[in-house]
Amino acid sequence: MESYKADVVIVGGGGAGLRAAIAVAESDPALRIALVSKVYPMRSHTVAAEGGSAGVKLPTDSLEYHFNDTVGGGDWLCEQDVVEYFVAHCNEELTQLEHWGCPWSRTPDGHVNVRAFGGMKIERTWFAADKTGFHMLHTLFQTSIKYPSIKRFDEHFCVDLVVDDGRVQGVVAIEIGSGEFTLVEGRSVVIATGGAGRVFRENTNGGVVTGDGMALAYRHGVPLRDMEFVQYHPTCMPGTGLLFTEACRGEGGFLVNKDGYRYLQDYGLGPAEPSPRNKAMELGPRDRLSQAFWYEQQKGRTIEGPHGSVVHLDLRHLGEAKLRERLPQIYELAEQFLGVDPARAPIPVRPAVHYTMGGILVDGLCASPLPGLYAAGECSSVGIHGANRLGSNSLSELCVFGKVAGVEAARFAKAAAPGNSATLLKQAQAVEQRVLGVKQNTGGNERIATLRKEMAQTMEDGCGIYRLAETMQATCDKLDELKERFKRVNVEDKSSVWNTEWLLAIELEYQIDVAQSMAYSALNRRESRGAHQRLDGFEKRDDENFLQHSQAHYVAGGPPRIDYGPVKITKSPPGTRAYGAAGEKAEQERKASHG
Amino acid sequence: MAENQRTIEIEVLRYHPEKDKAPYQQVFQVPFTDDMSVLQGVQYIKDYLDGSLSFRWSCRMAICGSCGMMINGKPSLSCETFLRDYYPARVRVEALAHFPIERDLVINMEGFIEKLESIQPYIIPREARTLAQGEYLQTPEQLNVYEQFSSCINCMLCYAACPQFGLNPAFIGPGAMALLHRYNVDSRDGGKAERMELVASEEGVFHCTAVGYCSEVCPKHVDPANAVNQNKTNAAADYFLRFLAPKGGAK
């Protein structure tokens, strides 16, 4: 087996991984960095983020507003000290990207422009047309090329961590092009592998978003926190789940039902004004909008299409010129995939799974309970999203906490003693034998695609926008069954070069573990909060019992063990979460009572 | 699946270096609906007909740049090319032209990555600025000068379209040249002189014979041919200026 000695290993080459790599390189050019990614970095799913990245910019805005929007948007399940750090560092990080060349959209006088986004009181979303993630990712990737200490392991698939002497000391990866294993030693490891949306059937995510890093940490005893909170984005393409950015509504788009009625006004988001005001109607938060869709469907006020019920995202009144300027990618997606010209016809949309709010438990410095192991980005739960993420907070998170993770991993690596290479290699060889076993097994009769489909369907059935104990239990049972059946998975391809069938099998095993953490955490949370909504007697938020983070612990051979940890409240006691006119009224009352 | 399901023949170029001496064609019968892309057709083959078929893909929405293939001989993103447009005829899918095949539809892209790395694809600041000083001012007009060239998704369709790259794999090619141009004309950048040495070099712009097929196949309207041609002019000016100015003369 090949062996490479790095100081810091970063798994994942998306926005958070690249930002972490640059942070390590800048904090000490002598540190050797290994950036291990299963795809070339510019293929990572950060590329698909559309609408923008939040950071206080306007003189009318404040850090306090961004904090309040984020904590209220998360239904008070946020780590408030971490949110304070976050909002205070967004602007600096987005400016850093500007200095690195990110083509932010501009105001006529040359400053970076900002747009409105859901759940945000003031316009603070920096954007590069509607390809913000694409531009941020390519800017970070191309900038990373400047740093000779970053050695990339492109198209290397990480299959395990090596842990010795009570701390993580590297990873084992397969070079996809050859099928060969490599041990990448490092005195600290940053996981930045993104979310796990592909465990659901209809989702906005790319094929790579399979929760690999979450499963790696989880199997080594690191809890996955708040995994029941899965975001449904309200405006996605029926069938494929492809995303129509929230910026469509930030720019003034409407959501209407089969009668052409802006139905959100019936769900506490009104009043319906000709252009949506911030934190109202179409600019409400994603959980509320997806929930409103569900009710419209129940009432028979949606439109039936070949891929299920839809409502209409109406952009016609914005005019072709503005759409081409501000939403060029959306325009092309509608035209090419749906045959709809959005300047002339409404776009059919429905909610689809978009984002994993929970993830690897880390503190505000991105450190997990396993010494030497850090995590950043969607795979992590640093605590800023709570029970519902606000749109445009996640791209900023990649930068703010990618940097923190890099700086902290660098600091840890410099202080840590070198590992025992012989012990680590021995562990890596055991990993190799186990992982080779996945394709060398013969006589299996379970198809990968069948297991994957059943998993994705049961997640949609049990862990959708609204949840019931009975269906969640059925999902838990189904996942237990799938985990058992996975032992008999059949990998026909026994070869080495570009054996993607083998990799799909390994990913599927990761996915089943992560799906279990979601379903069991959901079943155990007997309240409704943010994106976790129940209709079986637990319709209300229950701060007395559940103002707590769930933590799913891996149990070999069985379902996860769920326990709970405290939520850090610094300055915003849990309050009523209201939007539209009701939200404005609640805010005034809050102000009056606090003086 | 929807009711209007039909079956299309997809002919796939197969090659496995561990057992095949040469690539060969294999035909699959694939049920499809009107909204299915070629990528979804190929995924169907992998899931239900032959798990050993290898190809790259991820985002499904023409932004990650992974799934470029030759579709009926034309470089295309398979995620935004639809089976309905070929039915009832057979559709032929092959690895991108002009690149070494690693396996099936997977090409070796290391050469492209090396070119990308070689052009210094990052801002070399014209003037230093601290974060505390805030952003560089850049008007929408200044942004407009380079924005289209910054839209390259590195899908390499333009390389598969470029006859010169086919003849000489060392040619820097349209995609990397568009990116080089993107940084050269960014108002924040001052690194043009360094980059222009590469442009005017042996493997630089003068290999381009102005066929323009690269721009035709580009899924993001980057128009790399335009970038190459602007740099021909620049490089020519540079060539003559170097007799007059001590350091290459590029501005």
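## Domains of chain B

How far apart are the centres of domain 1 of chain B and domain 2 of chain B, taken over C-alpha atoms? In this predicted model, the two centres are separated by 30 Å. Domain 1 of chain B covers residues 6-107 and domain 2 covers residues 110-241.

The two domains of chain B touch: domain 1 brings 13 residues to the contact, and domain 2 brings 12 residues. On the domain 1 side, strand E3 (68-71) and strand E4 (74-77) of chain B are the elements that give two or more residues. E4(B) has the largest share of that side, with 4 residues. Sorted by class, the domain 1 side holds 7 nonpolar, 4 polar and 2 charged residues.

## Contact between chains A and B

The contact between the chains involves 45 residues of chain A and 42 residues of chain B. Four helices of chain A each supply at least two residues of the chain A side: helix H3 (80-99), helix H4 (132-144), helix H9 (328-338) and helix H14 (500-524). The largest share of the chain A side comes from H3(A), which gives 5 residues. By class, the chain A side has 17 nonpolar, 19 polar and 9 charged residues.

## Domains of chain A

Chain A is assigned a domain 1 (233-353) and a domain 2 (428-538). Taken over C-alpha atoms, the centres of these two domains of chain A are 31 Å apart.

In the contact between them, 5 residues of domain 1 of chain A meet 5 residues of domain 2 of chain A. Helix H7 (residues 286-298) of chain A gives the most to the domain 1 side, with 4 residues. That side divides by class into 2 nonpolar, 2 polar and 1 charged residues.

## Helices H13 and H14 of chain A

H14(A), one of the helices on the side that touches chain B, also packs against helix H13 (residues 469-486) of chain A. The angle between H13(A) and H14(A) is about 155°, and their axes lie 9 Å apart. Because of this angle, H13(A) is roughly antiparallel to H14(A); the cut-off for that term is an angle over 145 degrees. The crossing of H13(A) with H14(A) is left-handed.

From H13(A), the residues in the contact include A:Ala469, A:Met472, A:Leu479 and A:Phe486. From H14(A), they include A:Leu508, A:Ile512, A:Ala519 and A:Leu523. The residues of this contact fall into 13 nonpolar, 3 polar and 2 charged.

## Helices H1 and H10 of chain A

Helix H1 (residues 15-27) and helix H10 (residues 393-415) of chain A form another packed pair, with an angle of about 40° and axes 7 Å apart. H1(A) and H10(A) are therefore oblique to each other. H1(A) passes H10(A) in a right-handed crossing.

Among the residues of H1(A) in this contact are A:Gly15, A:Ala16, A:Ala20 and A:Val24. Those of H10(A) include A:Leu398, A:Phe401, A:Gly402 and A:Val407. By class, the contact of H1(A) with H10(A) has 14 nonpolar, 4 polar and 2 charged residues.

## A sheet of four strands in chain A

Strands of a sheet pair through backbone hydrogen bonds, either parallel or antiparallel. In chain A, 4 strands form an open sheet with mixed pairing, in the order E1-E10-E9-E8. Strand E1 (2-5) and strand E8 (156-164) of chain A stand at the edges with a single partner strand each, so one side of each has no neighbour in the sheet. From one strand to the next, the twist averages 25°.

Within this sheet, strand E9 (residues 167-175) and strand E10 (residues 180-185) of chain A run antiparallel and are joined by 6 bridges. A:Ala173 has A:Thr182 in E10(A) as its bridge partner. Helix H11 (residues 421-440) of chain A lies across E1, E8, E9 and E10 of chain A, and runs at about 135° to E8(A).

## A sheet of three strands in chain A

Another open sheet of chain A has 3 strands in the order E4-E6-E5, with antiparallel pairing. Which strands are at its edges? They are strand E4 (53-54) and strand E5 (114-115) of chain A, each of which pairs on one side only.

E5(A) pairs with strand E6 (residues 125-126) of chain A over 2 bridges, in the antiparallel sense. A:Arg115 stands opposite A:Thr125 in E6(A).

Notes: Residues are numbered from 1 along each chain as its sequence is written. Chains are lettered from A and ligands numbered from 1 in the order in which they are written. This is a predicted model: local features need pLDDT of at least 70, side-chain atom pairs count only at pLDDT 80 or more; totals for chains, interfaces and linings use all residues. Domain bounds come from an automatic or database domain assignment. Two residues are in contact if their C-beta atoms, placed from the backbone, lie within 7 Å. Ala, Val, Leu, Ile, Met, Phe, Trp, Tyr, Cys and Pro count as nonpolar, Asp, Glu, Lys and Arg as charged, and the others, Gly among them, as polar. Axes are lines fitted to C-alpha atoms, for helices over the stretch in contact, and angles run from 0 to 180 degrees between N-to-C directions. Angles under 35 degrees count as roughly parallel, over 145 as roughly antiparallel, 65 to 115 as roughly perpendicular and the rest as oblique. A crossing is left-handed if the near helix is turned anticlockwise from the far one by less than a right angle, and right-handed if clockwise. Two strands pair if DSSP finds at least two bridges between them.
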